Amino acid sequence: MSLVSHATSERRGENHWLLRFELHLPYSYEALWHAVTTPDGLRGWLAAADVLERRLGGDVTLRWLNTGTVASGHVSAWDVERVAEYTVAGLGRIRFHLEAVGTDSTVIRFVNERGGSDEARLDCLAGWHEHFELLEAALAGRPTDWSTWTDSRWADLRASYASFSEVRKAS
């Protein structure tokens with residue numbers, strides 16, 4: 001059973017969004033820090049880090065292995081074992097804030113501030129949701145085999161986010 005619940009999103013001006021996830025994961029913050037800040041860790045659930053200079057202002061180039069999307073930018077915040085933030089072209093600001101809960105559990109507060117249409121927002125919500133499910137699997141010792149990835153889970157999540165949005169608009 002997935003520990004990932006639906007994200008929230010809010011409009012910040014015309015065609016600008018703030019997407020938020022909060023995950024409570026039964027893993028140490030050291031394990032999560034490795035997963036969100038190292039090429040080896042990122043490859044198991046998100047993207048290949050073709051360039052990753054692990055310091056404030058460092059260069060970063062992420063290449064999504066499921067779609068081929070390449071995004072380059074810089075490390076825009078870096079607080080060792082707490083905050084890693086990447087600002088990359090086309091994807092905006094991607095921020096991971098980790099908080100240890102005891103010795104074997106961590107909360108990740110994730111924010112993606114980005115531009116785009118409402119349709120692009122739904123695509124991104126589904127994409128991040130699926131990637132966070134892949135993060136859970138990678139932390140459990142099952143890194144993603146990108147050669148077998150399909151978009152079927154993404155499509156289900158996309159439909160769920162679209163349906164959820166329609167319900168919220170109606171109320």
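This is a predicted model: local features need pLDDT of at least 70, side-chain atom pairs count only at pLDDT 80 or more; totals for chains, interfaces and linings use all residues.
**Entry 1**

I started with the strands. I found an open sheet of eight strands, ordered E1-E2-E8-E7-E6-E5-E4-E3, with antiparallel pairing. E1 and E3 are the edge strands, each pairing on one side only. From one strand to the next, the twist averages 20°.

E6 and E7 run antiparallel and are joined over six bridges. I noted one partner pair there: Ala-84 is bridged to Phe-96 in E7.

**Entry 2: helices on the sheet**

Next I looked up what packs on those strands. Helix H1, residues 29–37, lies across E2, E3, E5, E6, E7 and E8. Its direction is at about 165° to that of E7. H3 packs on the sheet too, and I see it touching E1, E2, E7 and E8. Against E2, the direction of H3 makes about 20°.

How many of the residues of H3 are buried? I get 17 of the 22, so the helix is largely enclosed by the rest of the structure. After H3 comes Gly-141, with a positive phi near 95°.

**Entry 3: His-131**

While on H3 (residues 118–139), I stopped at His-131, which sits in this helix. Is His-131 buried or exposed? Its relative accessible area is 7%, which is under the 20% cut-off, so I put it down as buried.

What does the His-131 side chain reach? It gets to the backbone oxygen of Trp-45, at 2.8 Å. Leaving out residues up to four places away in sequence, His-131 touches Trp-45, Leu-46, Trp-64, Asn-66 and Trp-146.

**Entry 4: salt bridges**

I ran through the charged pairs after that. Side chains of opposite charge can pair when their charged atoms come close. A search of the whole structure gives 14 salt bridges. I wrote up a few.

Arg-63 with Asp-50: the closest N and O atoms are 2.9 Å apart. Why does this pair tie parts of the chain together? Arg-63 is in strand E4 (residues 59–63) and Asp-50 is in strand E3 (residues 48–52), so the bridge links parts 13 residues apart in sequence. Arg-63 is partly exposed at 30% relative accessibility, and Asp-50 is partly exposed at 41%.

Glu-99 with Arg-109: here the closest N and O atoms come to 2.8 Å. Glu-99 belongs to strand E7 (residues 92–100) and Arg-109 to strand E8 (residues 106–115), so this pair ties together parts that are 10 residues apart in sequence. I have Glu-99 as partly exposed, at 37%, and Arg-109 as partly exposed, at 31%.

Asp-79 with Arg-82: the closest N and O atoms are 3.9 Å apart, which is within the 4 Å cut-off, so I kept the pair as a salt bridge. Asp-79 is partly exposed with 38% relative accessible area, and Arg-82 is partly exposed with 41%.

I also found a network of salt bridges, which links Glu-85, Arg-93, Arg-95 and Glu-113.

**Entry 5: positive phi**

Which residue in the loop between E1 and E2 did I flag? Asn-15 is in that loop, between strand E1 (8–11) and strand E2 (16–25). Its phi is positive, about 60°, although Asn-15 is not a glycine. Asn-15 is partly exposed, with a relative accessible area of 38%.

Glu-81 is in the loop between strand E5 (70–79) and strand E6 (83–88). At 31% relative accessibility, Glu-81 counts as partly exposed.

Methods:
Residues are numbered from 1 along each chain as its sequence is written. Side-chain values use heavy atoms; hydrogens and water are left out. A salt bridge is a side-chain nitrogen of Lys or Arg within 4 Å of a carboxyl oxygen of Asp or Glu. Helices (H or I, at least four residues) and strands (E, at least two) are DSSP runs, numbered from the N terminus. Buried means under 20% relative accessible area, exposed over 50%, partly exposed in between (1.4 Å probe, protein chains only). A polar contact is a pair of N or O atoms within 3.5 Å; within protein, one must be able to donate a hydrogen and the other to accept it, and residues adjacent in sequence count only if both atoms are side-chain atoms. Contact means heavy atoms within 4.5 Å. Two strands pair if DSSP finds at least two bridges between them. Axes are lines fitted to C-alpha atoms, for helices over the stretch in contact, and angles run from 0 to 180 degrees between N-to-C directions.
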